[in-house]
Amino acid sequence: FCSLRRTSEKTRLDIEKNSETKEEYQYDTKLRTMQPIKVTNHSSTGDYYATEYKYPFHLSANVYRQMTANKMVDPVIETRKYKGTTLLETSINSYTQTGSIFAITGIHTGKGNTPEARATLTYDSKGNIASYIKDEAEKTVYLWSYSGMYPVAEIRNATYSEVQTAATSIGLNLNTLLSSTAPDMPQVNLLRDKLRQAFITTWTYRPLVGITSQTTPDEKTTHY
């Protein structure tokens with residue numbers, strides 16, 4: 001019989017700097033995760049650093065309660081790094097629930113206690129990534145089909161709203177495209193004329209086999 005420890009330690013020696021650093025790992029007292037909730041570094045030179053982690057079971061929002069209830073307890077939601085008592089950096093990962101799927105929707109990082117948006121993600125009704133915005137500048141949209149099994153278009157330099165407007169103007173229903181087993185790819189490719197600022201790559205597939213063609217932003221098609 002062995003007991004699970006709530007803390008553990010290890011020591012690192014830096015011969016060049018003639019210093020010793022002791023690392024201490026603290027764990028959830030209820031052992032709801034085997035990941036550390038706090039890591040501290042004590043240096044023989046007097047430096048002290050700490051990193052604190054929060055998991056779904058630490059938070060009260062409904063999505064995190066549902067993650068905990070579904071035993072999805074290991075994703076790190078919040079990270080805070082300290083030097084002494086000074087908060088150096090905060091990172092927050094936001095999640096959403098679509099049916100039984102839990103997916104990250106936002107990544108925020110920044111100095112002190114003021115994290116800024118670094119990435120924002122949205123998903124379609126099948127749980128596939130629908131759009132991705134990085135640093136509020138790099139925008140990418142993904143269109144899926146074949147009953148949500150495969151991406152049929154990657155559209156860079158456009159927002160989901162812009163793609164949706166363009167799709168409506170050519171009679172393309174994105175929900176119908178998602179559920180279709182035989183997407184109308186000539187119609188999808190009409191988005192190139194409506195979104196001239198965008199870089200669009202499209203694909204066709206043979207389900208359960210793989211890609212059968214790829215058309216790049218310069219409209220060159222390769223068949224497989």
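The model is predicted.

**The cores**

Ile-155 belongs to the largest nonpolar core, a set of 23 residues. Together with Leu-143, Leu-172, Leu-191 and Leu-195, Ile-155 touches the most other members of that core. Several elements each supply at least two of the core residues. Among the strands these are strand 10 (138-145), strand 11 (150-156) and strand 12 (199-206). The helices are helix 2 (160-169), helix 3 (174-179) and helix 4 (185-189). Strand 11 gives the largest share, four residues. A second core is separate and has seven residues, including Leu-59, Tyr-64, Met-67 and Ile-77. In soluble globular proteins, nonpolar side chains tend to be buried together.

**The whole chain**

Five helices and 14 strands make up the secondary structure of the chain. The radius of gyration is 24 Å, whereas a compact globule of 224 residues would have one near 17 Å. Along the principal axes, the C-alpha trace spans about 65 × 40 × 35 Å. Of the 224 residues, 38% are buried. Take the contacts between residues at least 6 apart in sequence: 31% of them join residues at least 24 apart. The accessible surface is about 13,500 Å², and carbon and sulfur atoms account for 49% of that area. Charged side chains number 26 positive and 23 negative. The centres of the two sets lie 4 Å apart.

**The loop between strand 10 and strand 11**

Ser-147 sits in the loop between strand 10 and strand 11. Gly-148 is in the loop between strand 10 and strand 11 too. Is Gly-148 buried or exposed? Gly-148 is buried, because its relative accessible area is 11%, under the 20% cut-off. Gly-148 touches Lys-126, Asn-128 and Leu-178, leaving out residues up to four places away in sequence. Gly-148 and Ala-69 are 79 residues apart in sequence, and their C-alpha atoms are 27 Å apart in space. Ser-147 is partly exposed, because its relative accessible area is 32%, between the cut-offs of 20% and 50%.

**Positive phi**

Most residues other than glycine have a negative phi. Ser-147 has a phi near 60 degrees, a positive value. Glu-219 is not a glycine either, and its phi is positive at about 65 degrees. Glu-219 lies in the loop between strand 13 (210-215) and strand 14 (221-223). At 52% relative accessibility, Glu-219 counts as exposed.

**Strand 6**

Where is Ser-94 found? Ser-94 is in strand 6, residues 86-98. Ser-94 touches Tyr-64, Ala-103, Ile-104, Thr-105 and Gly-106, again without residues up to four places away in sequence. Tyr-64 is one of the residues of the second core. Ser-94 and His-108 are 14 residues apart in sequence and 8.3 Å apart in space, C-alpha to C-alpha. Ser-94 is partly exposed, with a relative accessible area of 23%.

The table collects the accessibility values.

| Residue | Relative accessible area | Class |
|---|---|---|
| Gly-148 | 11% | buried |
| Ser-94 | 23% | partly exposed |
| Ser-147 | 32% | partly exposed |
| Glu-219 | 52% | exposed |

Notes. Residues are numbered from 1 along each chain as its sequence is written. This is a predicted model: local features need pLDDT of at least 70, side-chain atom pairs count only at pLDDT 80 or more; totals for chains, interfaces and linings use all residues. Side-chain values use heavy atoms; hydrogens and water are left out. The radius of gyration is taken over C-alpha atoms; the globule rule is 2.2 Å times the number of residues to the power 0.38. Buried means under 20% relative accessible area, exposed over 50%, partly exposed in between (1.4 Å probe, protein chains only). Contact means heavy atoms within 4.5 Å. Accessible areas come from the Shrake-Rupley method with a 1.4 Å probe; for residues, only the protein chains shown count as cover. Lys and Arg count as positive and Asp and Glu as negative; His and the chain ends are not counted. The place of a charge is taken as NZ of Lys, CZ of Arg, CG of Asp or CD of Glu. A nonpolar core is a set of buried Ala, Val, Leu, Ile, Met, Phe, Trp, Tyr and Cys residues joined through side-chain atoms within 4.5 Å.
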